[in-house]
Amino acid sequence: MKKSVLSAALGALALGVAFSAPAMAADVSACLITKTDTNPFFVKMKEGATAKAKELGVTLKSYAGKIDGDSESQVAAIESCIADGAKGILITASDTKGIVPSVKKARDAGLLVIALDTPLDPADAADATFATDNLLAGKLIGQWAKETLGDKAKDAKVGFLDLTPSQPTVDVLRDQGFMMGFGIDTKDPNKIGDEDDARIVGHDVTNGNEEGGRKAMENLLQKDPSINVIHTINEPAAVGAYQALKAVGMEKNVLIVSVDGGCPGVKSVKEGVIGATSQQYPLLMASLGIEAIKKFADSGEKPKPTEGKSFFDTGVSLVTDKPVSGLESIDTKIGTDKCWG
């Protein structure tokens with residue numbers, strides 16, 4: 001009888017061991033917090049995080065703001081992730097300064113926090129940043145626009161369709177990068193709007209969507225109808241700008257450049273709506289972020305930045321069908337092979 005009880009106990013113990021491994025794996029949970037859940041960039045980011053989480057056995061919860069700039073929803077999401085006992089958070093912050101106290105609370109609770117695409121302000125408020133080199137992305141399209149215009153660049157009328165009034169880091173980096181590439185003195189490179197170059201018509205915000213891009217373009221046209229170069233924070237804003245220009249018969253008079261490299265954006269380049277765009281790779285950002293959280297949960301090791309940079313660089317390519325001398329680019333055929341959304 002004792003032998004039977006012992007055998008049963010050992011059998012139960014064996015069953016417990018058999019079930020403990022997957023139970024432990026399920027204990028590794030992560031959160032993805034994006035600016036919105038409608039922008040194709042963030043849709044692809046979620047896709048990448050979801051696929052990698054499934055592959056590694058990580059439980060993933062996803063959150064998003066109602067619109068780009070909705071920081072309150074992101075703060076609430078961080079609170080939920082802490083309460084749920086998540087091991088890490090991947091976040092594209094809408095308010096890169098305002099979110100810092102909430103991020104600190106998460107890190108103090110032992111969570112690994114990785115900024116995706118948009119560095120926090122200051123950047124070391126997160127444990128790591130996985131992102132496009134957004135300054136380089138801006139420089140590439142700025143240089144392309146300058147070289148495309150040639151001598152006309154010195155008399156250009158330039159408008160900037162930025163993201164939100166809070167000037168998140170991704171907004172500043174792309175905006176100021178464009179200026180550097182185009183040959184405009186940025187003054188304080190960490191701030192939008194303090195420049196005094198006579199070629200700048202003005203800045204307006206778009207919330208990163210088509211409707212915002214259309215309204216912002218209309219506002220800049222009222223300031224100066226001779227505007228002929230537009231930098232846009234992303235491709236949805238660029239399409240909105242094009243719609244506003246087309247409505248007044250000016251679509252062929254203005255050179256539009258952008259950043260993202262989503263499939264709709266690359267198609268816009270192919271169709272001549274956008275002259276050039278800098279392509280980034282959100283699926284890679286998110287999948288690498290999930291890998292980093294799993295590694296942190298297993299070993300306590302935090303991710304390291306790319307050598308020579310303060311962040312992990314996930315790459316950027318200039319996409320255009322009108323290449324210029326001295327600037328490496330890929331055409332829309334290759335861009336389509338690499339695009340997302």
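I looked up Thr232 and found it in strand β8 (residues 229–232); strands here are DSSP runs of E of at least two residues, and helices are runs of H or I of at least four, numbered from the N terminus. The model is predicted, so I kept to pLDDT of at least 70 for local features and 80 or more for side-chain atom pairs, while totals for chains, interfaces and linings use all residues. Numbering runs from 1 along each chain as its sequence is written, and side-chain values use heavy atoms, without hydrogens and water.

Is Thr232 buried or exposed? Thr232 counts as buried because its relative accessibility is 0%, the cut-off being under 20% with a 1.4 Å probe, protein chains only.

Next I checked what the Thr232 side chain reaches. A polar atom of the side chain lies 2.9 Å from the backbone oxygen of Val257, and the side chain reaches the backbone oxygen of Asn234 at 3.3 Å. Beyond neighbours within four places in sequence, I noted contacts (heavy atoms within 4.5 Å) of Thr232 with residues including Leu161, Ala237 and Val257.

I then turned to the largest pocket. I noted a volume of about 570 Å³. Of its 25 lining residues, Pro119, Thr169, Val172, Leu173 and Asn190 are the closest to the centre. Helix α6 gives the largest share of the lining, 4 residues.

Where does the largest pocket lie? It lies between domain 1 (29–131 + 282–303) and domain 2 (134–279 + 317–338), because both give residues to its lining; the bounds come from an automatic or database domain assignment.

Technical notes:
Buried means under 20% relative accessible area, exposed over 50%, partly exposed in between (1.4 Å probe, protein chains only). A polar contact is a pair of N or O atoms within 3.5 Å; within protein, one must be able to donate a hydrogen and the other to accept it, and residues adjacent in sequence count only if both atoms are side-chain atoms. On a 1 Å grid over the protein atoms alone, a cavity is a set of points where a 1.4 Å probe fits but cannot get out, and a pocket is an open set with protein on both sides within 12 Å along at least five of seven lines; lining residues have an atom within 4 Å of a point. Grid points are joined across faces, edges and corners, and a volume is the space filled by probe spheres set on the points.
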